[in-house]
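Here are a few exercises to work through with the model at hand. Try each task before you read its solution.

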Amino acid sequence: MEAKVLQGMQSPTWIMREKIVMRKQDSSLQSFQKFGEQKWNGVPASCSLRTSKGRSHRLAVLRVSCSSGNVPASTLESGSLPTLLDESMILRNKAEEIEPYINGRCIYLVGMMGSGKTTVGKVLSEALGYSFCDCDSLIEQAVGMSTVAEIFKQYGESFFRDNETEVLQKLSSMHRRVVSTGGGAVIRPINWRHMQKGISVWLDIPVEALARRITAVGTSSRPLLHQESGDPFSRTMKRLSTLLEERGEAYGNADARVSLENIASKLGLKDVCNVTSTAIAIEVLSQIEYFLKK
Ligand SMILES: Nc1ncnc2c1ncn2[C@@H]1O[C@H](COP(=O)(O)OP(=O)(O)O)[C@@H](O)[C@H]1O
Ligand SMILES: O=C(O)C1=C[C@@H](OP(=O)(O)O)[C@@H](O)[C@H](O)C1
C-alpha cells in the first residue's frame, strides 16, 4: 500500500517558535511561548502586549513552559501569570473550524501501545462533539471478557485479531466517531480497508517516551509486552523497539502523521513528555486539515 504520509517536518499552522519577552510587575523578564497567529472564527488567537523594549507584539500565551530567575516553571504553569488563551480554547476553535470538512467521517488514531490514542482520542472527540470508541473495549465486550490480556491468554492472538477486524468493520459504517485502535490494528491490510472509510492519523511517539509511559502504569494490560526479561523499563523498551521495527511501515499508511518530536521542537520543549494531550489533539486537527487540503 502506498505510504501517504509525509515523513519530513510538516508545518502545522498553530505553532510558532518565536519567543517573546514581556515585562512583569517586578521587572523580571519572563519568556513565553508564542502560539498560532490565526484567527479562530472571530476569536482572536493573539493579542497585543508591550515588551521591555516598548515594542508591541501579538501574542497568545497558552502555557508557560520555562522558568526564569527565581520563578519556577511550575508556578508559571499553575496560572499565576496571565494566560491569555489556553490550549483548550484553541482546540475548540480549531475543531469548530475543521469539523465541516471532516464531514462526519470517523477519525482513526493508530500508533504503538502507549502512544496516547485513548487519552488524545477522548480530548479530540469532546472537542469535535464526536463519540469516542476504544477498539480494545469493544473487543472485550464482543468476546464477553473483561481484559485484552485475558483474551490473549485464553484464546491467543489470532482470535483477538479476528475480533479486532470485526470491530473495525462495524465501525466503518458509522459516523462522527474518534476511534482509538489497538497498536497492532495496522498489521492486517483488511483493517486498512475498513479504516479508509474515515481518516487515519498516526500518533508517532519516540519509543523511549512510550516505554516511560508504559513502565509508569505497568504492563499487565498489554500482553505483548510480557515476553522479555530484565528490569521493567529495559524490557518494555526492547519489546517496543522490536514491534516498531516490524510495524513502522504499516503505521506509515495513515492519512496523517503527528510527530511528538516535531511538536516538542516547534514549542521549544526539550522533553517530549511535556507536550500535553490537548496540544497533541490540536496538532491532529492541523494535520487532518493539511491532509484534506492535499
Ligand atoms: N501527552 C501525554 N503526556 C504524558 N503521558 C501521556 C500522554 N498521553 C497519554 N499519556 C499516558 O500514557 C499512557 C498510555 O496512554 P493511552 O492513551 O492509554 O495510550 P494508547 O491508547 O495509545 O495505548 C497512559 O498512562 C496515559 O496517561
Ligand atoms: O500493539 C498491540 O498489538 C496491542 C495493543 C493493545 O492496544 P493499545 O495500543 O491500546 O495498548 C491491544 O490491542 C493489544 O494488547 C495488542
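A residue is near a molecule if its C-beta atom, placed from the backbone, lies within 6 Å of it. This is a predicted model, where local features need pLDDT of at least 70, side-chain atom pairs count only at pLDDT 80 or more, and totals for chains, interfaces and linings use all residues. Residues are numbered from 1 along each chain as its sequence is written, while chains are lettered from A and ligands numbered from 1 in the order in which they are written.

**Exercise 1.** Describe the shell around ligand 1 by its closest residues, helices and classes.

Solution. Start with the count: ligand 1 is surrounded by 16 residues, and the closest are Gly 116, Lys 117, Thr 118, Thr 119 and Arg 213. Next, look for the elements; helices and strands here are DSSP runs (H or I, at least four residues, for helices; E, at least two, for strands), numbered from the N terminus. At least two shell residues come from each of α3 (117-128), α8 and α11 (277-293). The largest share, three residues, is supplied by α3. Finally, sort by class: Ala, Val, Leu, Ile, Met, Phe, Trp, Tyr, Cys and Pro count as nonpolar, Asp, Glu, Lys and Arg as charged, and the others, Gly among them, as polar. That gives five nonpolar, nine polar and two charged residues around ligand 1.

**Exercise 2.** Now do the classes for the shell around ligand 2.

Solution. List the residues first: Met 113, Lys 117, Asp 136, Val 148, Gly 182, Gly 183, Gly 184, Arg 222, Pro 223 and Leu 224. Sorted by class, they are four nonpolar, three polar and three charged.

**Exercise 3.** Which residues of helix α8 are buried, and what do they pack against?

Solution. Take burial first: a residue is buried if 20 or more other C-beta atoms lie within 10 Å of its own, exposed if 12 or fewer, and partly exposed in between. In α8 (residues 207-217), the buried residues are Leu 210, Ala 211 and Ile 214. They lie on the same side of α8, because they cover an arc of only 95° around the axis (the arc of the directions from the helix axis to the C-beta atoms). For packing, two residues are in contact if their C-beta atoms lie within 7 Å. The buried residues of α8 pack against α9 (232-251). After the helix comes Gly 218, with a positive phi near 90°.

**Exercise 4.** At what angle do α5 and α6 pack, and which residues meet?

Solution. Axes are lines fitted to C-alpha atoms, for helices over the stretch in contact, and angles run from 0 to 180 degrees between N-to-C directions. Helices α5 (residues 148-155) and α6 (residues 157-171) pack at about 125°, with their axes 7 Å apart. The two are therefore oblique to each other; angles under 35 degrees count as roughly parallel, over 145 as roughly antiparallel, 65 to 115 as roughly perpendicular and the rest as oblique. On the α5 side, Val 148, Ile 151, Phe 152 and Tyr 155 meet Glu 157, Phe 159 and Phe 160 in α6. By class, this contact has six nonpolar residues, no polar and one charged.

**Exercise 5.** Is Ser 221 buried, partly exposed or exposed?

Solution. Locate Ser 221 in the loop between α8 and α9. Ser 221 counts as partly exposed because 13 C-beta neighbours lie inside 10 Å. Then check its contacts: not counting residues up to four places away in sequence, Ser 221 touches Thr 147, Val 148 and Ala 149. Ser 221 and Val 148 are 73 residues apart along the chain, yet their C-alpha atoms are separated by 6.8 Å.
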